[in-house]
Amino acid sequence: MSKKKENTSKLSGEDMEEILNSPDKLKLYLDTNILIAYLDKSHKFNYEAASIIEPLKDRECWFFVNTIVVGEFIDQWRKLKKVSINNSIHTLINFMDNVLKHCLRGGSPINLDHVFSSYKKHSKHTKLLKVPFNDFLILNEAESIKNIKVITCDHGMFSAGKNILKKNIYYLPFKTKKGK
């Protein structure tokens, strides 16, 4: 018996806005390292990544996979697994289409005005300004989504994100019975 999946690639702009702006929907923003930890069974944080994704993947939880995360994943996965770009793309699409029930992909357009306004807005957040450009953009995007929870294995991103996301950013290597 197969579970019916919602085709999230065909959501209207209004439906997408409703999800993004809803304070009631559970929304998780997955960083690149979470995707890699989940998909690579030998990764040191695979157990922790699975413990977050598995119980929520078939529920009414919306997973966000940003365009930057997609690019980072393709680049890192092909190097880690020594596979082709097409294999990396297929792995990610398969995960988004067949593992997650609700997955939104994409993000805000990256243009000069967006970059300038993001830096001006956060000019006093010194920790945020120290993270790599990709992480800076990811955190800025997440900040614009109501009630989003960001999950990362990147301690630098976590530390910087606490300034703007407060308690809505989580550092994955939490202590579990299996984890250290």
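**View 1. Buried residues of helix α2 in the predicted model.** Thr32, Asn33, Ile34, Leu35, Ile36, Ala37 and Tyr38 of α2 are buried, where buried denotes under 20% relative accessible area, exposed over 50% and partly exposed in between (1.4 Å probe, protein chains only). Helices (H or I, at least four residues) and strands (E, at least two) are DSSP runs, numbered from the N terminus. Because seven of the eight residues of helix α2 (residues 32–39) are buried, the helix is largely enclosed by the rest of the structure. Its buried residues pack against strands β1 (26–30), β2 (61–66) and β4 (148–152) and helices α3 (46–56), α4 (67–81) and α5 (85–99); contact means heavy atoms within 4.5 Å. This is a predicted model, in which local features need pLDDT of at least 70 and side-chain atom pairs count only at pLDDT 80 or more, whereas totals for chains, interfaces and linings use all residues. Residues are numbered from 1 along each chain as its sequence is written, and side-chain values use heavy atoms, with hydrogens and water left out.

**View 2. Phe95 and its neighbours in the largest nonpolar core.** Phe64 and Phe95 touch the most other members of this core, which has 50 residues. A nonpolar core is a set of buried Ala, Val, Leu, Ile, Met, Phe, Trp, Tyr and Cys residues joined through side-chain atoms within 4.5 Å. Leaving aside residues up to four places away in sequence, Phe95 touches Leu35, Tyr38, Leu39, Ile53 and Leu100.

**View 3. The aromatic pair of Tyr38 and Phe95.** Five aromatic pairs are present in the structure. Rings of Phe, Tyr and Trp (its six-membered ring) pair if their centres lie within 6.5 Å; planes under 30 degrees apart count as stacked, over 60 as edge-to-face and the rest as tilted. Tyr38 and Phe95 form a tilted pair, at 5.4 Å centre to centre with 55° between the planes. Tyr38 in helix α2 and Phe95 in helix α5 are 57 residues apart, and the pair links these distant parts of the chain. Both Tyr38 and Phe95 are buried.

**View 4. The aromatic pair of Tyr119 and Phe136.** The rings of Tyr119 and Phe136 are stacked, with 4.1 Å centre to centre and 15° between the planes. Tyr119 lies in helix α6 (residues 112–121) and Phe136 in helix α8, so the pair ties together parts that are 17 residues apart in sequence. Tyr119 counts as partly exposed, at 32% relative accessibility, whereas Phe136 counts as buried, at 1%.
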